[in-house]
Amino acid sequence: MIRTRFAPSPTGFLHVGGIRTALFAYLVAKQANGQFVLRFEDTDKKREVPGSAEHLIASLKSLGIDYDEGPDKPGEYGPYIQSERIDTYKQWAQKLIDSGCAYADPYTAEEIQAFRDKSQAAKRAFLFREYRPENPPEWDGSQPLRFKAEPKSYSYHDEIFGDVTTNAEVVDDFILYKSDGYPTYNFAHIVDDAEMHISHVIRGQEFISSMPNYLALYEALGLELPVFAHMPHILNEQGNKKLGKRDGAKDVLDYIRDGYLPEALVSFIATMGWNDGTEQEVFTKQELIDKFSLSRVQKSGARFDEKRLLWVNGHFIRELSLEELYGRVEFFWPEAAKKADEAYKKQVLALAQDRLKTLKDLPGLTSYFFEEPTRNEELISGNKQLAKLSTDEIHGLLEAAHDALSQSEWTPEAIQDALNKLLETTGQKPGILFSLIRIVTTWAAFSPQLNDTLALLGKDKTLSRLQSF
RNA sequence: GGUCCCAUCGUCUAACGGUUAGGACACCAGGUUUUCAUCCUGGCAAUAGGAGUUCGAUUCUCCUUGGGAUCACCA
């Protein structure tokens, strides 16, 4: 049975890097009809951020990364919050003590710092085991509990990085239990993964360097090794370090608020560092479940390219049926659209759909359909051809347009006919005449095809805007 | 610095040891009788460097260079 997990600590929001790890773990579970588990690793109470747990859950839900078991979704192996599992860790720690694999750390912080300085002075890496006390006191919970490591070389298989060998020197007596009564991640996650029957450990690359210690612990605990897969980091836009909250990594929920579609986000995030080997560029969630494989995940880090995300988002917007899109843009309409009726809004949306990169673009693209636009002379003076016209000439053309259109039937076809005839009677080029009409009726930098725009705007509004110049 | 990992167009990437090194984003040009967008056509653009193995290396090995991760009573 395949069981994967996503185990964030509730210390903030989720950015694309974290979401990708969650998504891949989810895909691995779903494609095998297994379970995906959410677990909160809240053993560092100092770093915990209030509200973060709810925020993480909302982020996962917003992208449709549904977990089968989690803090708010009881399952067979709960609870799924580490701070509620202290008794379990205690039992496992006792096993280690009994088998002589763990001991109490009697040193003060100052003493340890002195060891550290000594190692540094000798230009050697600090290893606690070199200062291992000969007769450690009995562990009473007030001291840290350390793992008694046997330095040896390990090799293991990583689904993404392949066969990795580690150096014996780096195995050290790391802390299993902190003096504050909470276990460390290093200890707790291994216990939990075992207790929760997790088959695949999928996490960020930063844990690779700790693998020797984990492997030593699995061994001491007599546990079977899960499958490991370490994700390369997502790099910031400059490509010089892993994407982090400090250098502008955005909360995924902010992308939703900014009008990005969940399915676009999912497709984009999945294809950062993964592809199916064909030339397919975008994927639905179901396609990802069918086609994803850890072995095709790139070893090197991928940069976050916002331009590409924008393209993917536009692509998914265009794929949506009008009905679906209408359902998605509910909160993105311009203020003035509130009183407009549904049928009208749908027609407006149909004209805007191809132009939308994010849903947030909607007001800028459509407001003149709902309220009188603000006049912006620069649209005329900034237009090379129109700037050459005198005010009288402009008025003449608009008057002619008004007359011609006032006698027209009000369908896109009839309007187009009228406009074409107008081209002949005025002897103007479309670049001049149509641009002028377009600008005066919308006062927008760009707009949909002129006849469609006017047809939807309505005869009265069109004629009055032509006259108002 | 020690340890581990990585390296194809600007970016994301494809290529059982044999391809004119392919696709996409971005950019540029043209087309779809106005603009913007969509759509279509075309263009620009890469195997970090050096040895070795081989009839033949993007691909295998080694070195160099460059980059990243990690060295906490954080996860």
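1. The axes of helix H16 (residues 391-406) and helix H17 (residues 412-426) come within 10 Å and cross at roughly 140°. Here axes are lines fitted to C-alpha atoms, for helices over the stretch in contact, and angles run from 0 to 180 degrees between N-to-C directions. H16 and H17 are therefore oblique to each other; angles under 35 degrees count as roughly parallel, over 145 as roughly antiparallel, 65 to 115 as roughly perpendicular and the rest as oblique. Helices (H or I, at least four residues) and strands (E, at least two) are DSSP runs, numbered from the N terminus.

2. On conventions, residues are numbered from 1 along each chain as its sequence is written, while chains are lettered from A and ligands numbered from 1 in the order in which they are written. As the model is predicted, local features need pLDDT of at least 70 and side-chain atom pairs count only at pLDDT 80 or more, whereas totals for chains, interfaces and linings use all residues.

3. Which residues of H16 and H17 meet? On the H16 side they are Leu397, Ala400, Ala401, Ala404 and Leu405, and on the H17 side Ile415, Ala418, Lys421, Leu422, Thr425 and Thr426. Contact requires C-beta atoms, placed from the backbone, to lie within 7 Å. This H16 and H17 contact has eight nonpolar residues, two polar and one charged. In these classes Ala, Val, Leu, Ile, Met, Phe, Trp, Tyr, Cys and Pro count as nonpolar, Asp, Glu, Lys and Arg as charged, and the others, Gly among them, as polar.

4. H17 also packs with H18: their axes come within 10 Å and cross at roughly 125°. H17 and H18 are therefore oblique to each other. Leu419, Leu422, Leu423 and Thr426 of H17 make the contact with Pro430, Leu433 and Phe434 of H18. By class, six of these residues are nonpolar, one is polar and none is charged.

5. H18 (430-442) leads on to the RNA, as one of the elements that each supply at least two residues of the surface near RNA strand B. The others are strand E6 (162-165), helix H5 (185-195), strand E11 (302-303) and helix H10 (306-319). The largest share, five residues, comes from H18. A residue is near the strand if its C-beta atom, placed from the backbone, lies within 6 Å of it. Of the 64 residues around RNA strand B, Glu41, Ser300, Ala302, Phe446 and Leu450 come nearest. This surface has 18 nonpolar, 27 polar and 19 charged residues.

6. Val16 is worth a look in helix H1 (residues 16-31). Is Val16 buried or exposed? Val16 is buried, with 21 other C-beta atoms within 10 Å. The cut-offs are 20 or more other C-beta atoms within 10 Å of the residue's own for buried, 12 or fewer for exposed, and partly exposed in between, with C-beta atoms placed from the backbone. Leaving aside neighbours within four places in sequence, Val16 is in contact with Ile234, Leu243, Ala249, Val252, Ile269 and Phe304. Val16 and Leu253 are 237 residues apart in sequence and 10 Å apart in space, C-alpha to C-alpha.

7. Tyr255 sits in helix H7 (residues 252-257) and counts as buried, with 25 C-beta neighbours inside 10 Å. Not counting residues up to four places away in sequence, Tyr255 touches Lys250, Tyr260 and Leu265. Tyr255 and Arg465 are 210 residues apart in sequence and 37 Å apart in space, C-alpha to C-alpha.

8. In helix H6 (residues 211-221), the buried residues include Pro212, Asn213, Tyr214, Ala216 and Leu217. The buried residues of H6 pack against strand E4 (145-147) and H5. Gly222 follows H6, and its phi is positive, near 70°.

9. Finally, some backbone geometry to check. Most residues other than glycine have a negative phi, and most peptide bonds are trans. Gly78 and Pro79 are joined by a cis peptide bond, with omega about -5°; Pro79 lies in the loop between helix H2 (52-62) and helix H3 (86-98). Asn33 has a positive phi, near 60°, and lies in the loop between H1 and strand E2 (35-38). Asn33 is exposed, with 8 other C-beta atoms within 10 Å. His197 has a positive phi too, near 55°, in the loop between H5 and strand E8 (200-204). With 13 other C-beta atoms within 10 Å, His197 is partly exposed.

Notes
Two residues are in contact if their C-beta atoms, placed from the backbone, lie within 7 Å.
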